[in-house]
Amino acid sequence: MSATAEAPPMRIIGHPQPRIEGRLKVTGAAHYAADHHLPGMLYAVPVGATIAKGTIAAIDARVAEQMPGVRAVLRRGSFPALAAAKPDFASVADLEGTVYVDERRPPFDDDTVRYYGQYVALAVADTLEQAKAAADAVRVTYRAEAPEVDPALTAGEMTVKSERGDPDAAFAAAPVTVDQRYGMATETHNPIELHATIAAWEGDSLTVHEATQGVVNHRNVLAAMFGIPREKVQVISRYLGSGFGGKLFPWTHSPLAAAASRQLGRPVKLVLSRPMMFHAVGQRPAITQRIRLGAERDGRLTSLRHDYVNATSLLDDYEENCGEATPHMYATPNLRVASGLAKRSIGTPTSMRGPGAVPGLYALESAMDELAIALDMDPVALRLKNEPPLDQGLGLPFSSRHFQECLTLGAERFGWARRDRRIGSMARDGLTLGWGMAACSWLAERFPCSARVELRADGTARVAAAVQDIGTGTYTIMAQMVAEALAIPLSRVEVALGDTSLPAGPVSGGSMMSASLVAPIQAAITRAGEALVALAAGNPAAPFAGAKAGALRFAEGRVAAAEGNRQAVPFDQLLRALGQEAVSGLGRAEGTFPPKEKPTHSKHSFGAHFVEVTWQPELARLRVSRVVSVIDAGRILNPLAARNQIEGSIVMGVGMALFEETDYDPRSGAPVNASLADYVVATNADAPAMEVHFIEYPDTHLNALGARGVGEIGLAGTAAAIMNAVYHATGIRVRDLPVKLEQLLG
Amino acid sequence: MPDPHSEVQAAVTLRVNGAEHTLSIDPRTTLLDLLRETLHLTGTKKGCDHGQCGACTIHVNGRRVNACLALAVAHDRDEIRTIEGLAEGDRLHPMQAAFLQKDAYQCGYCTAGQIMSAVALLDEPCGPEDADVRELMSGNICRCGAYANIVAAIQQVRGS
Ligand code: FES
Ligand code: FES
């Protein structure tokens, strides 16, 4: 179900569209990075450090180098040192110039080991089997030191991120308070596609097939590391086996593969193993959060403090921005959000789906549930009571916020009114039921983006941009935008993306891709239309011979004279009459993130999740059985893919609440459960019945279509709603994710 | 275990999607790597190489198998079917068509494995309920979490 308010009717946008690249995906014909084969290609397998802290004493590759098919065992000094890329996060706002990388140290930069699995050597051979055997045969000795692996996260220094009023005094004076800590284990992205690089040099030019969520940024980082002009590097990522943030920014295996290729004068393919996916390609770090809430007896929040500390690597300062949603979620005159870092012997963390707000809302929404219980108040009513009139953190109006409707509609669809608040009081088929709910929010911004649209004489159109489709449906959405604007069928639009030879586009991150594409595609169509009009006006053979360009209009794929009632001519007919193959236009639009100037509105999506869990104490069996989510994310461009995004997020939220945890051995610092058998993600049997509703209020502050993006918001709040339901079923408040069954057995 | 220093080769004849390939291979080669790196049938994916994700699911003599756990030399003359061999020319297998229609994927990386598992499931003893399908499809991880649509696609084919 979806309700549309004040939206002009559209033919293609807003209607469920199967993916245009779907046929390639179901036939195995979509080529992901590791599916490419280049003549003479060699295989590379990295050797990872088996200590988490210390120095390399010696690397003995004599045996490995003599093995059949082995071309080289590369280590520090084997090739000219790579430059550090000098990353600057603010540069992601620079369309062509973005240079960002989370792990700053180039591979093989020194002999210091800072985390388990850090690459220390690279075996390269004719076949994969030979390279693997060679990597196994490399003997590395270390001078090991005790790693920093203390799971208790304490920060030396806290940085205030947002503050208003006097939260300490208000908390002290509040008649009802909550003061709790919430922990979250390290999570590893684990996209099913392994990170992969295929690098090939031709003279001084480098071509890389990479599993990346950002081809342009990846290109720029490689160019910086190799000290060559950007124009000399091409990065291709046409199909991506998803990334969830783990493939946003380059990791060290990619320049390693490129360096090996340059050194050996052959294309090199490097695919990480699943254990390596836990080492040097980022993770959502372990986080501890403290939430302090103060409220009046009627439920009005008077004080909100949110302190969080995340683990980061020894070299980098990745901050999990847990307080992102806290200042705007609820009304309160007094608030402080503060953040700190705890340096550990781990690989550099990175963004993982909904970075910041997802863990932050787990803590805040759990605390809100605890407050509702302390107040003896319904948790939906508590949230309705604290609706802010504006974003009190930024002091700005919301561009569009329909959070209360999410709450009331969700409650209605779920049947929340039938909830018996008493612990363990509800049952079905001999199972104890727990009903819980939580809110969600995610930012809505745009990256700068460009795109080219070509109109062709055969009636088709092509849209091209160096963006990525990470599984979110970008191919289809780009085609929808063009088909809608040109009034042609979807099947007549060809989409090219994932290649730096196309007009520059941003990383696929922050759920911002669709919103970022609207304006450049519209501008490109306008430019192409202008080119067509200019051609028509100047050509005596054309149906508009003699007309001035200014007297012709291009709209809905047709050219018409502004005056008189001559029939509008479709672009393909006109092109044929003009004897032209095609016209094209380039469009470009600036972004809003990171903001270069003070914004006028607070732009966020909102939502609410209602969750049912079943609990069988005799078997210690906990299941998430049913979820109803209502999402306020502006206009939904493709309801089929959008629903899939929210459902997929809910499934990931089940994993976050019940299963997902990367375990570091406190002695060696190694992630000990580095496999898909031991790092448990939700399977088909774990997926609940899901009902997703979109309430659609197009938010034209962000773009003309009013779309805000749906890739991440579904994960926000889900784990909190699940744990709130678990409390309702069991009376046990679990404040460390993932839940362990022994905690529930009391 | 073969001596990694030797260059032992083993002869094997594989019948893949109806075509016969007689090859001399490194005996360490898994069926998955052979399909992908030698025959360039890259529709079958590697997600773990340890039988834990299902991305590499293919059919060997009509039954679903994790190709990453199979040594190629152990499948001399076996009948192997991969995702590339499922459609008949331009005509998609009903399971492929159902996956497309139901949006039973996102990134598409697990999809070949899901579809090969799902097609094999049609001939397995599987109860009628969604829960039965979910259980039998739980060896195929979809990290994108498109499970609801995967079940819907399979049930549509089973119902028809
Ligand atoms: S690659 Fe074979 S099961 Fe994962
Ligand atoms: S569609 Fe991405 S893993 Fe299943």
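A:Pro355 touches A:Arg284, A:Tyr318, A:Glu320, A:Trp442 and A:Glu712, leaving aside residues up to four places away in sequence, where contact means heavy atoms within 4.5 Å. This is a predicted model, in which local features need pLDDT of at least 70 and side-chain atom pairs count only at pLDDT 80 or more, while totals for chains, interfaces and linings use all residues. Residues are numbered from 1 along each chain as its sequence is written, chains are lettered from A and ligands numbered from 1 in the order in which they are written, and side-chain values use heavy atoms, with hydrogens and water left out.

**Around A:Pro355**

- A:Pro355 is found in the loop between strand 16 (335-344) and helix 8 (357-375) of chain A, with helices (H or I, at least four residues) and strands (E, at least two) taken as DSSP runs, numbered from the N terminus.
- From A:Pro355 to A:Ala677 there are 322 residues in sequence, and the two C-alpha atoms are 25 Å apart in space.

**Strands of chain A**

- Strand 3 (residues 54-60) of chain A pairs with strand 5 (residues 112-113) of chain A in the antiparallel sense over two bridges, pairing being assigned if DSSP finds at least two bridges between two strands.
- Strand 3 of chain A is also joined by six bridges to strand 7 (residues 139-144) of chain A, and these run antiparallel.
- A:Gly54 has A:Val113 in strand 5 of chain A as its bridge partner, whereas A:Thr55 stands opposite A:Arg143 in strand 7 of chain A.

**Where chain B meets chain A**

- The contact involves 53 residues from chain B and 60 residues from chain A.
- About 4,500 Å² is buried between the two chains, of which carbon and sulfur atoms give 55%; buried area is the accessible area (1.4 Å probe) that two parts lose on being put together, summed over both.
- The rule finds six salt bridges across the interface of chain B and chain A, each being a side-chain nitrogen of Lys or Arg within 4 Å of a carboxyl oxygen of Asp or Glu.
- One of the salt bridges links B:Asp103 with A:Arg19, whose closest N and O atoms are 2.6 Å apart.

**Two domains of chain B**

- The domain assignment gives domain 1 (10-85) and domain 2 (94-158) of chain B, with bounds that come from an automatic or database domain assignment.
- The C-alpha centres of domain 1 and domain 2 of chain B lie 21 Å apart, and 14 residues of domain 1 are in contact with 16 residues of domain 2.
- Across this domain interface the rule finds one salt bridge, and the side chains of B:Arg64 and B:Glu124 meet in a salt bridge (2.8 Å, N to O).
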